[in-house]
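Subject: Structure handover

Hello,

Here is the structure for your files. My notes on it follow below.

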Amino acid sequence: VKKCSAFSVSCIANTFLHVRSLNTVFGLYGETLEIPCNKGSTKEDILMTKWKYVSRDGLSGNLLVKKKNENVSVSAGDEYKNRVSLASNSSLLLSEARLSDQRAFTCMVVAVEDIIEYTVNVVIYSCVYLVLQLGKCIAQDANPAVNITWLKNNKPLLQDGQGINIQDSVQVDPVTGLSTTTSVLIYSAQKEDTDAQFSCSTEDSLGQKFSSSSESFTITCKSLYFFYIVC
């Protein structure tokens, strides 16, 4: 009988179960995360690949299994049932990454002579999208005062008190009695707003419509840098 190495957990006959050092991968919130199995390096004599994770109560939960010459079998519960799949290199593909995915995932590879587990710690981060004053629209010298409408890709934006905040004010000239309406759009920009066209429009009491030129802006998600030590 062969002796188990210092990294072996158990030794049954001539079959070894090895546990490798913990690696860390970083994913972006809402995106698909690829969690590598053995850093993407796989053997040709693999009989089975199984992915599991550590649940909130500390127990092990199964995700999926791929046996040689068979299709992938997903055994995950509701939390991961429709979000997990297996890449050709045995990496776990996790869609719509969430903060609750920050946990340990383990790839168990059963080969002809070895059973090896590769554990990966997942960290999810989110880009910081700033709420900004996107624009100011001014309609001068009207009577009565006009209403200003903000548009995104020619569709009206409605104030929701969260991502869209429209602040309107009206000033009346004490000499002429004409009104000037000012509207400020406070907008929480998201990644999908890249290259979106924003504009404003007015309609006076006679039904005449006036529109501003469209403006677009770019949303950039800058990576966050993490420093960690692997022992």
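Tyr 53, Tyr 80 and Phe 105 form one aromatic cluster. Rings of Phe, Tyr and Trp (its six-membered ring) count as a pair if their centres lie within 6.5 Å; planes under 30 degrees apart are stacked, over 60 edge-to-face, and the rest tilted.

Before the details, some ground rules. This is a predicted model, where local features need pLDDT of at least 70 and side-chain atom pairs count only at pLDDT 80 or more, while totals for chains, interfaces and linings use all residues. Residues are numbered from 1 along each chain as its sequence is written, and side-chain values use heavy atoms, with hydrogens and water left out.

**Overall**

The protein chain has 18 strands and zero helices. Both are DSSP runs numbered from the N terminus: helices are H or I with at least four residues, strands E with at least two. Of its 231 residues, 36% count as buried. Buried means under 20% relative accessible area, exposed over 50%, and partly exposed in between (1.4 Å probe, protein chains only). Take contacts (heavy atoms within 4.5 Å). Among those between residues at least 6 apart in sequence, 54% join residues at least 24 apart.

**Aromatic pairs**

The count comes to four aromatic pairs. Tyr 53 and Tyr 80 make one that is edge-to-face, at 5.0 Å centre to centre and 65 degrees between the planes. This pair links distant parts of the chain, 27 residues apart. Tyr 53 sits in strand β5 (residues 46-54); Tyr 80 sits in the loop between β7 (73-74) and β8. Tyr 53 is buried, at 12% relative accessible area. Tyr 80 is buried too, at 0%.

Tyr 187 and Phe 198 form another edge-to-face pair: 5.2 Å centre to centre, 70 degrees between the planes. Tyr 187 is in strand β16 (residues 179-188) and Phe 198 in strand β17 (residues 198-203), so the pair ties together parts 11 residues apart in sequence. Both residues, Tyr 187 and Phe 198, are buried.

**A three-stranded sheet**

Three strands form an open, antiparallel sheet in the order β4-β9-β8. Strands pair if DSSP finds at least two bridges between them. β4 (33-35) and β8 (84-86) stand at the edges with a single partner strand each, so one side of each has no neighbour in the sheet. β8 pairs with β9 (residues 92-94) over three bridges, in the antiparallel sense. Val 84 has Leu 94 in β9 as its bridge partner.

Best wishes
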